[in-house]
Amino acid sequence: MKKERTKPTFNLWQCTAFMLKNAWHTRKSAVIGCILIAALGTGKSVAEMLVAPMILRQVESAVSLSTLLGTIGLFTAILVLCSGIKDYLTVGAMFPRMDVRIEIIRQLNVKSGSTSYPNRLNTRFLETEEKSYDACSSNSSPTENIWKVWTLVLTNVFGFCAYLFFVSDLNPLLLVIVILTTVVGWLVNRRVHRWGYDHREEQAACIHRSKYFYKVSTDRDYAKDIRIFGLKKWLDDLWNKTLVLYRGFLYRREKIYCLSVLADLILSFLRNGAAYVFLIALTLRNGLPASQFLLYFAAISGFTEWITGILEQSSTLYKECLEISQVMEYLNWPEPFCFTGGIPVPAQSDGDYEICLSHVSYRYPESEKEIIHDMNLTLHPGEKVAVVGLNGAGKTTLVRLICGFLDPTEGSVTLNGIDIRSFNRPEYYDLFSAVFQDFSLMEASLAVNVAQTVNGIDEEKVQKCLSLAGLAEKVRSLPKGIETPIGRMVYEDGVELSGGETQRLMLARALYKNGAILLLDEPTAALDPIAENDIYLKYNEMSQGKTSLFISHRLASTRFCDRILYMENGVIAEEGTHGQLLAKGGGYAKLFEVQSRYYQKGGAA
């Protein structure tokens, strides 16, 4: 099935305007340098074209030796001056161009770090993000190389105008042939570049697979599994299959490119042949002097090169702008959440916030099944609520809806009676302290990891939060206390925490933020039963005065909560206290009975 061809979101002129805008606000010299380098390049080329005919003409006119040497000296000075200044500007142009590229990377980082959470679940968004960073990855990437291409385009345009002056009195048919053949060649090249754009998804898929297999094969996190389960041959087979697919793609691409080169060669032969025929006929008919013949010969040859250069560089420019269009598409990707403006979150001095879910349903993009179905739930101020259930019941999705990472596909989530979609979303996020199953651990000090800032850290508060999370003894054992760096990728003297210690650290981070609402999604998953019990004993102190939502697979934790929600298939199947749910003898009681066996001496396996 043939893939439907898609047009780039932004055209060449929009991409150029985007780069000019960034350059003008970052380093204007990136733009000015292009124009100056192009002008000097054209001046040097015109001087090179004129030097031989002018000297030959003076020889034919029998001028004095001093006049001839003066002409030679003048052209030499012009060539040296143009070459020297041009080379100096070319070297210096690298730095402002690099600054513009770095500014675009900064914009990409801002977009990546602040985009709405649903975008992170969108495969096309993630692919566009990867391509955008690829377009800014090096000095030869499109967001920097485009200045070089535009310099060449301007050089060819200036040269075309200059050389047109010298060939304007020749037969117009010659100019028509030259222009026509070069335009046809440009169209062929453009079609080839269009093929590359139309098949970019196929190439990206091959590259993405190869990067993934390389990461798995070399990442330390996978090393044990590869050795224990003997996965080397399996990974090698997958790697080789990916390479075969990529080689197939490259073969098809290079075949297209070779045909393009052949067509260009034929057109060049026709173009240059016609030019030579017209020039020789003119010379034989009008008896041109040698200097005039040489001037026309150089002008026509140069004129064809300028036209070819304009169209070739235009094709290159189009190709670069296809990549820059991906950058612009990513930066302009619509945000479903309100990150600026919106209704301010109501300030509550006592932290009394009530969250209500009214007939809420949620379905992930491209999924046919609802993860949450027609749910009604109210979290009262200061209430401790536990959410339990088997994997896939919808517990984590419920947390994401409550804390505003996702908006329901049906129904509404309100805070004190106001739909959270009306709020400024970052302000709404400030209400929550959370520990999720997936978290970020920075290569920085323990204190920075807890406070999530490098300035104004309250060290006493950090110590207290670490103590509440059960890490006081660990901190005392560290060589630099809370200033000890975590991880060894950046710091040679860094320490690596165990899974349980890392999870405690995330708890300390949530406590340090001290949000009005505490969300804990499997906060004890990496802890042994004794350590888990220690956390439970401190749970009341940790959540004092806060509304808290606690998700766990281990039902023993739920007895510390005011209310327990037992979820099945995206709905609240049972609700009540630990004792009430056990008395019902339903799904919660059965699951608790199964789990409790493994903690009882001599329990059935």
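**Asking why: charges and a strand**

Trainee: Why is aspartate 236 called partly exposed?

Mentor: Its relative accessible area is 33%, and partly exposed lies between buried (under 20%) and exposed (over 50%), with a 1.4 Å probe and protein chains only. This is a predicted model, where local features need pLDDT of at least 70, side-chain atom pairs count only at pLDDT 80 or more, and totals for chains, interfaces and linings use all residues. Residues are numbered from 1 along each chain as its sequence is written, and side-chain values use heavy atoms, leaving out hydrogens and water.

Trainee: What makes lysine 232 exposed?

Mentor: Lysine 232 has a relative accessible area of 56%, so the word is exposed.

Trainee: How do you know that aspartate 236 and lysine 232 form a salt bridge?

Mentor: The rule asks for a side-chain nitrogen of Lys or Arg within 4 Å of a carboxyl oxygen of Asp or Glu. Here N to O is 3.0 Å, so the pair qualifies. Both residues lie in helix H10 (a DSSP run of H or I, at least four residues), four residues apart, about one turn.

Trainee: Why do strands S3 and S8 count as paired?

Mentor: Strands (DSSP runs of E, at least two residues) pair if at least two bridges join them. S3 and S8 share five, so they pair, and they run parallel.
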